[in-house]
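Please look over the sequence and the structure before reading the points.

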Amino acid sequence: MKALNLAKVFICIFISVLFLNIKGKEHKGINTKFKEGKTQHTLNLKKDVDIFCSISIVNESSILKLVGEEKIFASLIDNAGRKIKQFNSKEILISGEDLLSGKYFLAVNNEKPIKITVIDHFILCDGAFVEEEEEEEEEEFEGPAYKNPDLPIEERVNDLLSRMTLQEKIDQLSGDPKLDGFTTKYNDNLEIPQIKCVDCPHGVRWGNATFFPVPIAFGSTWDVDLVEEAAGVIGRECRAKGRNMGLAPCINLIRDPRGGRVFETYSEDLYMLSQMALAYVNGLQSQKVIATPKHYICNNSEDVRWNEAAVQIDERTLREVYLPIFRRPIVTGQAWSIMGAYNGVNGEYCCYNEWILREILKEELGFEGFVVSDWGACHSTISSIKAGLDLEMPVTNYYGEPLLQAVENGSVDTAYIDEAVRRILRAKFWAGLFDGMEPVDESVVESPEHISVALEIAKKSIVLLKNEGSILPLDEHSIDSIGVIGPNANTDFRGQGGSSAVTSTYAVNVLEGIINKVGDSIEIMYEEGCEIGTEHAPSYIPGIPDSIKFQQALDVAEKSDVVILVVGLSGAIESEGNDRDYLIFPGVQEQLIKEVISLNSNTILVLKNGSPLATVLEIDTMSLFEACPAILEAWYPGQEGGTAVADVIFGDYNPGGKLPLTFPKSASDLPTWDFDYTNDYTEGRGYKYFDKQGIEPLFPFGHGLSYTEFEYSNLQIIPMVSWNGQITVRVDVTNVGDMEGDEVVQLYIHDVERSTDDQPIKELKGFSRITLAPAESQTVEFTLTPEHLAFHDELINFLVERGRFDVMVGSSSRDIRLGGSFYIMGEIRIR
Ligand code: BGC
């Protein structure tokens, strides 16, 4: 049956009923936040209590439905404070179909008490009225207002601020040097709880924790729901360890595949990164753990990460390429914190860059949380506080005493201090730190439920790069012996990766995964062959292998029916603070690959790495990747990684991961890796660069095979002529093979008639991972809104121009199966 792919429709509406202040008017409200599409919520409004909801219209499917037992009087107000609709009925429907995406406010005011039900937009509202509830006797709260959990956050913040001395306020703004390097100061007098940070991009870095595959593997799943689920698990483990702020997600854009933190981020594509970031923020914050998208902004090279002059960028490129990655987790996800990067932008360190922090982040994006410095990234007192850096971490260098003096001698106005404290307190109240949150039991850490999510990500992230002659999956009944060879067969990535290192109590490596699966029926012979090695000189110089080790591996290769050759990188080669210079394999691994393939043509290459690899050696003029019949990209697959790899090799799981970044044939195919980010817009990076230059990659962005085949048909683009920029794209996908499998359906667009002439040839604007049984079909639907189509013109207007847009739907960026076009009839200005 063709089922509309509703599950993949983006999270549609966020409503936060908060104490807001729009155009000078304060609106009392209920301190709650909930997600449309997932919850049905009932609000009991007393007489004359306003509610004021902030609504994010994400796309045309965004729907908010309120049903009152009596007429609801409400107005819809746009971001500029203009009333654009009024309601006076029992049922209010606000639909993304007739609104531009963006932020709106809904003000409800009733003269009588009223119950309103907010209805899941997939559930019919028929009869969904709410039973009258007994009015609860309100108990008088004893104690200061800021301790009263029933009051709105802003009221509590105001009360607490009014009780604090200047010294107490300043104490809120930096890390406690006497503690662990991740915690802020406790205030005894007013009992103000501490912020307790922890790194957690793929698991909690605090004692043992569930060890997930690295973030690039999260990206490789192309499954935002799964990323959200994993972040929820990570959030629970943060709570179990008493940490209330997660230093994640890392959403650095991959400018160059040799970047040291490529493994720690999700994609080379900014749309995909922003989707993953939003999912991560939603997951972590669902556990009341403060999320911290990092590193804001343009933090894409480790070798120059401390450099104030690291990035020159023009405003248009900043807004086109780098800002959109943060916009979604901040504006839609309402992350409560953001981390200022180490590097500078246009000659000023991010942590005192007023343009970046105050003007763009706080004033323009309306960020309500607080900015924390990366560890040691605060470089000044006065400029930082004025620019909008709220929290100096990990210790107190520039804030503390120097800040106190700056206020006392009049260099810094107290308003700056109040603003920073207000932001931090707001987040603390939101996280329930004052309200005695129920602790999460330590037993959840590395529980079977949590580990099963890590295993699911590992399986879903594996990319079948190549499978000549369908050598995979292996049939365990037709094999007598397997040689497991290579320096990464018996390793895991535990404790590696700089600040994102995770240490689980165990990890199943590939060798163990194979033994666990078929060790009873097949003879398994293991040889390391060589070490991972260190980086090479620019031109490949063959290394000198340890002859005994090497020869033992070759002997095993020769006498095995099949070889599983596990090679790649490690945290010693790619990590925080350390970019790679080359793409080629370190050490003598290429020599090992070459010799093993020459001896055994049934060699399956398994890559364990966090960023692309290329080869220079050849066998009969074929590159090593060409000569090898089957290649699996396993990334650093976490604590159940070996189980996942074995499941894929023996066909217990059909791989469906896709590359979230391009694998170049050689580093010489890459654009210059320089400080000038201006080029990033005009020449593109990743697949956009390869498309523009007409360079054939080794494996393209979005590539990944399956043990089954998928057919695409019936592309529909509705409407084909549009005035409002709301376009629905539908495509039917059918599994035409004989095994259940996953396909990631990818939607790219090209703005054909753009006036600036520097648009990408192809830009990802939608993706959906689906699972189909043999012969099953599914209609996958994507919604394009003006936000998806718009760009910044030379005058930095964000708009959609009239003209033709090409739509490309396919299985990878270089495997487009169907195409069509639509026309935008008039200019649509967004901001
Ligand atoms: C890293 C951050 C990390 C912080 C705390 C810094 O060196 O850049 O990503 O959150 O350390 O460990």
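The model is predicted. The chain has 831 residues, and buried residues make up 64% of them. Its secondary structure comprises 19 helices and 36 strands.

**Chain overall**

- Among contacts in the chain with a separation of 6 or more, 78% are between residues 24 or more positions apart.

**Ligand site**

- The ligand is surrounded by 14 residues, of which D199, H295, Y342, D374 and E576 are the closest.
- By class, this shell consists of 7 charged, 5 nonpolar and 2 polar residues.
- The side chain of H295 has an N or O atom 2.7 Å from an oxygen atom of the ligand.
- For D374, a side-chain N or O atom is likewise 2.7 Å from an oxygen atom of the ligand.
- R261 places a polar side-chain atom 2.8 Å from an oxygen atom of the ligand.
- The ligand taken alone exposes 310 Å², and the protein buries 93% of that area.

**Residue S373**

- S373 belongs to strand β17, which covers residues 370–373.
- The relative accessible area of S373 is 0%, so S373 counts as buried, the cut-off being under 20%.
- A polar atom of the S373 side chain lies 3.0 Å from the backbone nitrogen of M393.
- Beyond its neighbours within four places in sequence, S373 is in contact with M339, G340, C351, C378, L389, L391, E392 and M393.

**Strand β21**

- β21 pairs with strand β19 (residues 481–485) in the parallel sense, over 4 bridges.
- Within that topic, I564 of β21 is the bridge partner of V484.
- Strand β22 (residues 603–608) also runs parallel to β21, and 6 bridges join the two.
- T603 in β22 is the bridge partner of V563.

Conventions
Residues numbered from 1 in each chain as written. Predicted model: local features only at pLDDT ≥ 70, side-chain atom pairs only at ≥ 80, totals over all residues. Heavy atoms only, no water. Near = heavy atom within 4 Å. Polar contact = N/O pair within 3.5 Å; in protein donor to acceptor, adjacent residues only side chain to side chain. Areas by Shrake-Rupley, 256 points an atom, 1.4 Å probe, with all protein chains shown as cover. Nonpolar A, V, L, I, M, F, W, Y, C, P; charged D, E, K, R; others polar. Buried < 20%, exposed > 50% of the residue type's maximum accessible area, 1.4 Å probe, protein only. Contact = heavy atoms within 4.5 Å. Pairing = 2+ DSSP bridges.
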